[in-house]
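Morning, everyone. I have one structure to walk through today. Have a look at it, and then we start.

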Amino acid sequence: MADVTLYHWEPNANSGKPMLALAEKGVAFDSHYTDMLEFDQHKPEYLAVNPQGTIPAMIHGDKVLTESTAIMEYVDEAFAGPPLMPTDPRDRWRVRWWMKFMDQWLGPSFSMIGWCTFVGPALAAKPAEEREAMIARIPLPERRTAWRKAMFAEFSEAELAESRRRIAQGVTMIEGELGKRAFVASEQYSLADINIFNSTYMLPVGNPDLCSPELTPNIWRWLKTVYRRPAVQRTWAMGSGRFTDRFNAIMEDFG
Ligand SMILES: N[C@@H](CCC(=O)N[C@@H](CS)C(=O)NCC(=O)O)C(=O)O
């Protein structure tokens, strides 16, 4: 046992990043499912691990590690197993370029649309005072703002339109890269693929107008290849299936 504990939600977005990296490396970990919709990430037990109140967080021995992309890089360097960074400097640059692009520019747009279409509505049935109390417990002011917008449907049309624009542009860019090589950043599977896959596998479900075998054949090939990796299958078995079941069904239909 590698003495690793991971606090995570479903195997997608930021939580899915260290989950998939650990699985690729063959590192067993103690899984703490932290239910975002129950606001487990703002409860005192979790704030004692990560005072910022965001998931994921990983404990390795006596070290507490936060920030999903930085955790993946740590996992790749700290454990044996197949390397998740290429060796060529330009390929390594490309991995870092895409992870920065995802974390700073495209990922937040996927997140905004997800919060608006899934997270907010999932909590809408709770009385307004209960939702206010949940918001009051959030440690970071910017997260309080985001949660308020999600829970009270306050994202503006302009914000949503910008997120949709970024997602459409991001899909075009990823499709272009995957036309040049087997994986996003190099000929080998890397942290960039893990990062991008976690935010894009729902595209065929939520945005069939942007991502389909006909519209984005390169993304489709890559989605199928990544989906079939044993590490992905093992990791997805750890989730509730809330998101992944719908993608599984599409993969079965289209093969
Ligand atoms: N930059 C952080 C962001 C973490 C983050 O925002 N995680 C989301 C889940 S994908 C979260 O904790 N949301 C719940 C909240 O903000 O209360 C990372 O990459 O780890």
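In which loop is Glu-67 found? Glu-67 is in the loop between β4 and α3, the helix that covers 68-78. Before I go on: this is a predicted model.

Stay with Glu-67. Its phi is positive, about 75°, although Glu-67 is not a glycine. Its relative accessible area is 54%. The cut-off for exposed is over 50%, so Glu-67 counts as exposed. That value takes protein chains only as cover.

Now the ligand. There are 13 residues around the ligand. The ones that come nearest are His-42, Ile-55, Glu-67, Ser-68 and Trp-147. A polar side-chain atom of Glu-67 is 2.8 Å from a ligand nitrogen. Ile-55 uses its backbone: an N or O atom there lies 2.8 Å from a nitrogen atom of the ligand. His-42 uses its side chain, with an N or O atom 2.9 Å from a ligand oxygen. How much of the ligand does the protein bury? Alone, the ligand exposes 510 Å², and the protein buries 85% of that.

Back to Ile-55 for a moment. The peptide bond from Ile-55 to Pro-56 is cis, with omega near 10°. Pro-56 sits in the loop between α2, residues 44-47, and β3.

One more backbone point. Phe-39 is not a glycine, yet its phi is positive, near 60°. Phe-39 belongs to the loop between β2, residues 30-33, and α2. Is Phe-39 buried or exposed? Its relative accessible area is 1%, so Phe-39 is buried.

Next, the strands. β1, residues 4-8, pairs with β3, residues 57-60. The sense is antiparallel, over four bridges. Leu-6 stands opposite Met-58 of β3. β3 also pairs with β4, residues 63-66, antiparallel and over four bridges. There, His-60 has Lys-63 as its bridge partner. The hairpin of β3 and β4 has two residues between the strands, and Gly-61 takes a positive phi near 60° in that hairpin.

On to the rings. How many aromatic pairs does the structure hold? The count is 18. Take Phe-101 and Trp-105. Their ring centres are 5.1 Å apart and their planes meet at 25°, so this pair is stacked. The cut-off for stacked is under 30 degrees. Both residues lie in helix α4, residues 89-123, four residues apart, about one turn of the helix. Phe-101 is buried, at 11% relative accessible area.

Now compare Phe-118 and Phe-243. That pair is edge-to-face, 5.1 Å centre to centre, with 70° between the planes. Phe-118 is in α4, while Phe-243 is in the loop between α11 and α12, so the pair ties together parts that are 125 residues apart in sequence. Phe-118 is partly exposed, at 24% relative accessibility. Phe-243 is buried, at 8%.

The loop between α11 and α12 also holds Gly-239. Gly-239 is partly exposed, at 22%. From Gly-239 to His-8 is 231 residues in sequence, but 9.9 Å in space, C-alpha to C-alpha.

Phe-197, Tyr-201, Trp-222, Tyr-227, Trp-236 and Phe-247 are linked by ring pairs into a cluster. And Arg-229 lies over the face of Tyr-189, 3.7 Å from the ring centre.

That's my tour. Over to you.

How values were computed: Residues numbered from 1 in each chain as written. Predicted model: local features only at pLDDT ≥ 70, side-chain atom pairs only at ≥ 80, totals over all residues. Heavy atoms only, no water. Phe/Tyr/Trp six-rings, centres within 6.5 Å; stacked < 30°, edge-to-face > 60°. Buried < 20%, exposed > 50% of the residue type's maximum accessible area, 1.4 Å probe, protein only. Lys NZ or Arg CZ within 6 Å of the ring centre and 35° of its normal. Pairing = 2+ DSSP bridges. Near = heavy atom within 4 Å. Polar contact = N/O pair within 3.5 Å; in protein donor to acceptor, adjacent residues only side chain to side chain. Areas by Shrake-Rupley, 256 points an atom, 1.4 Å probe, with all protein chains shown as cover.
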